[in-house]
Amino acid sequence: MKQLPANGLVYFKTMFTGIITETSRIKGSKAVQSGLTITFQKPAGWDDLTLGESVATNGACLTVAAIRSDEYDCHLVAETLAKTSFGHELPAIVNLERSLSVGGRIGGHFVQGHVDGVGKIVKIDKVDGYRLYVTFMPESQKWVIYKGSVTINGVALTVAEVSAGMLAVALIPHTLEHTTLKDLKVGDLVNLEFDMIGKYIVNVMESRDTDAKSTTS
């Protein structure tokens, strides 16, 4: 947790809720020796943005490295590029969420901004509501449950359907209006982060199974 700033708010460096507050346009990018520097348009009202602050950007926790009057830079290292869709293709517009402050409302679920992997949009159903169908990595199947939580490009959503290697989420009009998910097309890649609490539970259960096998062997 960061030191208490002058405005009296305390920020957790890598804790978010998946409730998108702004979208921003990517103004440019530059390859550097250790990765990629991306310049983002600074949203109106972000005058208190500080160097070193974490911003969830399409679900990836990025650190503000430079600030100018109407834009800011974030540096993406090789690991971030390998684990997120930013390493495949840069979008024109991204979803943004600043880190959760103590006492703030948690309207979504606990999100770390640590992307588990990249999924692909394989179907968009607009006949009965608006559903996105997304494939995910086979090793992540254990974290996906019906009516559980998932974050897609930084947006906290509920799993509406799940099958082997694929999940579906239903999008409400508010989400479509205030995020970039409405612009997704079949074949697009998205950043996925699965439920943090679920991952901890699975880890504990797998550790117990391993310990039990070690004891009986």
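Lysine 27 is partly exposed, at 43% relative accessibility. Here buried means under 20% relative accessible area, exposed means over 50%, and partly exposed lies in between (1.4 Å probe, protein chains only). The model is predicted: local features need pLDDT of at least 70, side-chain atom pairs count only at pLDDT 80 or more, and totals for chains, interfaces and linings use all residues. Residues are numbered from 1 along each chain as its sequence is written, and side-chain values use heavy atoms, with hydrogens and water left out.

**Salt bridges**

Lysine 27 meets glutamate 71 in a salt bridge, at 2.9 Å from N to O. The term requires a side-chain nitrogen of Lys or Arg within 4 Å of a carboxyl oxygen of Asp or Glu. This pair links distant parts of the chain: lysine 27 sits in strand β1 (residues 22-32) and glutamate 71 in strand β5 (residues 71-77), 44 residues apart. Strands are DSSP runs of E with at least two residues, helices are runs of H or I with at least four, and both are numbered from the N terminus. Glutamate 71 is buried, at 16% relative accessibility. Both residues belong to a salt-bridge network of Lys27, Arg68, Asp70, Glu71 and Asp73.

How many salt bridges does the structure hold? There are nine. Three of them are listed here.

| Glutamate 71 | Lysine 27 | 2.9 Å |

Glutamate 53 lies in the loop between β2 (35-41) and β3 (54-57), and arginine 98 in strand β6 (residues 93-98), so their bridge ties together parts 45 residues apart in sequence. Glutamate 53 is buried at 4%. Arginine 98 is buried at 17%.

Glutamate 161 is partly exposed at 31%. Arginine 131 is partly exposed at 25%.

**Cysteines**

A search of the whole structure finds zero disulfides, a disulfide being a pair of cysteine sulfur atoms within 2.5 Å. Cysteine 74 is buried, with a relative accessible area of 0%.

**Surface patch**

Phe110, Ile197, Ile201 and Met205 form a nonpolar surface patch, with about 370 Å² of accessible area together. Isoleucine 201 is in helix α3 (residues 196-216). Patch residues have over 30% relative accessible area and no salt bridge; like charges are joined within 9 Å, nonpolar side chains (Val, Leu, Ile, Met, Phe, Trp, Tyr) within 5 Å. Areas come from the Shrake-Rupley method with a 1.4 Å probe; for residues, only the protein chains shown count as cover.
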